[in-house]
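Here are my notebook entries on charged pairs and on one helix contact. I wrote them for anyone opening this structure for the first time.

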Amino acid sequence: MLSFFPNPYPDELFYSLVTRYHIRSGNKSFKQTLIELLEYYPNQLYSLALPNNLNHLIKRVPSTSTLNFERLIWEHTLYPFYRILLTSSEAWSLSKCMRGKLSEPIYKIAKFYQHSELKQTSLKFCPDCVRQDINNFGEAYWHRMHQVPGIFICLPHNCFLIESRIPLITNNLQHEPANLENCVLSSLKVYAPETIQCLKKLATNIELLMQCDISFQGLPWLRNQYQNYLVQGGFIPKKRGDRVRFDAKSFLHEILRYYKQEFWDIVKPGTYGKLEEYLAYCLLGCDVTATIERVIHVILISFLSDSLQDFFGTKFAQTKTILGI
Ligand SMILES: [Zn+2]
């Protein structure tokens with residue numbers, strides 16, 4: 001049993017919680033702390049976004065702690081993001097792996113392309129959150145929502161997230177608290193108002209999907225649903241032959257009226273020049289790949305349908321019910 005474990009702050013990233021524990025524990029090395037809490041030592045910070053063997057930690061927190069496994073993964077890890085577009089059984093497998101020891105790499109179970117998730121190279125922060133947290137709690141901390149792929153804006157403060165000095169890829173993982181030395185203000189590029197609106201919409205939709213429990217029916221279903229919406233939108237002829245004839249050019253023309261180059265350069269750098277093929281592949285080839293482009297799917301779904309709930313054909317149940325809050 002641990003003699004203490006910090007109470008998590010609202011939306012605190014698991015790494016931040018471990019860092020605060022380390023500072024108060026008096027342990028000499030961060031490696032020692034990680035082994036104490038998780039029984040293993042991940043050498044990259046991004047691994048702590050989807051940690052595993054959390055049961056080891058949960059069994060050892062003091063009995064007075066309110067922390068349990070469900071709260072930990074839903075509120076302090078990126079599990080709710082990677083759960084998007086997983087079927088119930090796939091999501092169950094992911095949570096099972098986070099609870100216990102891994103049988104295969106977590107990115108395979110969560111179905112993400114490891115290298116694309118690393119394009120964000122540092123932990124991000126919102127300067128207003130840093131100020132507010134120091135006022136409210138006496139210290140800053142790393143927020144989980146600020147590290148979610150596709151989220152570039154802090155919605156409560158309506159401001160752009162800034163990359164900190166703490167890299168996600170490192171040869172020697174250390175404890176790096178969020179503080180005024182690590183979270184340094186830098187000058188931000190000025191973006192067009194429509195780009196900011198699109199980024200806000202994207203962040204809002206990702207947040208909504210992270211908070212809701214949808215029983216997703218699988219990628220073949222997603223592909224069919226895209227096809228239905230593309231027929232309705234006139235991008236696929238109604239009379240279907242054996243082959244689906246998708247008018248990718250018109251689709252690209254239409255989507256670029258709303259989501260312009262500046263938006264794609266932020267969200268998916270380097271793809272603008274090959275967007276036509278890329279989007280066609282995401283729409284009609286989504287069920288043949290081993291990975292899920294969650295951010296792109298959220299953009300495509302909200303472009304094709306007025307409401308995420310209509311697209312998924314279900315009312316979203318809030319995960320607060322799952323957590324019994
Ligand atoms: Zn903020």
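I began with K249 and found that it forms a salt bridge with E276, the closest N and O atoms being 3.4 Å apart. (For me a salt bridge is a side-chain nitrogen of Lys or Arg within 4 Å of a carboxyl oxygen of Asp or Glu.) K249 sits in helix α12 (residues 248–258) and E276 in helix α14 (residues 275–284), so this pair links distant parts of the chain, 27 residues apart. Helices (H or I, at least four residues) and strands (E, at least two) are DSSP runs, numbered from the N terminus.

A note on what I am reading: this is a predicted model, where local features need pLDDT of at least 70 and side-chain atom pairs count only at pLDDT 80 or more, while totals for chains, interfaces and linings use all residues. Residues are numbered from 1 along each chain as its sequence is written, and side-chain values use heavy atoms, with hydrogens and water left out.

Next I looked up accessibility, where buried means under 20% relative accessible area, exposed over 50%, and partly exposed in between (1.4 Å probe, protein chains only). K249 is exposed at 58%, whereas E276 is partly exposed at 22%.

Then I turned to E293, whose side chain meets that of K268 in a salt bridge (2.9 Å, N to O). E293 lies in the loop between α14 and α15 (294–304), and K268 in the loop between α13 (261–267) and α14, so the pair ties together parts 25 residues apart in sequence. E293 is partly exposed at 25%; K268 is buried at 16%.

What does E139 pair with? I found its side chain in a salt bridge with R20 (3.5 Å, N to O). E139 lies in the loop between α9 (127–137) and β2 (153–154) and R20 in helix α1 (residues 14–25), so parts 119 residues apart in sequence are tied together. R20 is buried, at 6%. I also noted a network of salt bridges linking E12, R20, R24 and E139.

Last, I checked how α14 and α15 pack: the angle is about 85° and the axes are 11 Å apart. (Axes are lines fitted to C-alpha atoms, for helices over the stretch in contact, and angles run from 0 to 180 degrees between N-to-C directions.) That makes the two helices roughly perpendicular, a label for angles of 65 to 115 degrees. Y278, L279, C282 and L283 in α14 meet I296, H297, L300 and L304 in α15, contact being heavy atoms within 4.5 Å.

Terms used: Angles under 35 degrees count as roughly parallel, over 145 as roughly antiparallel, 65 to 115 as roughly perpendicular and the rest as oblique.
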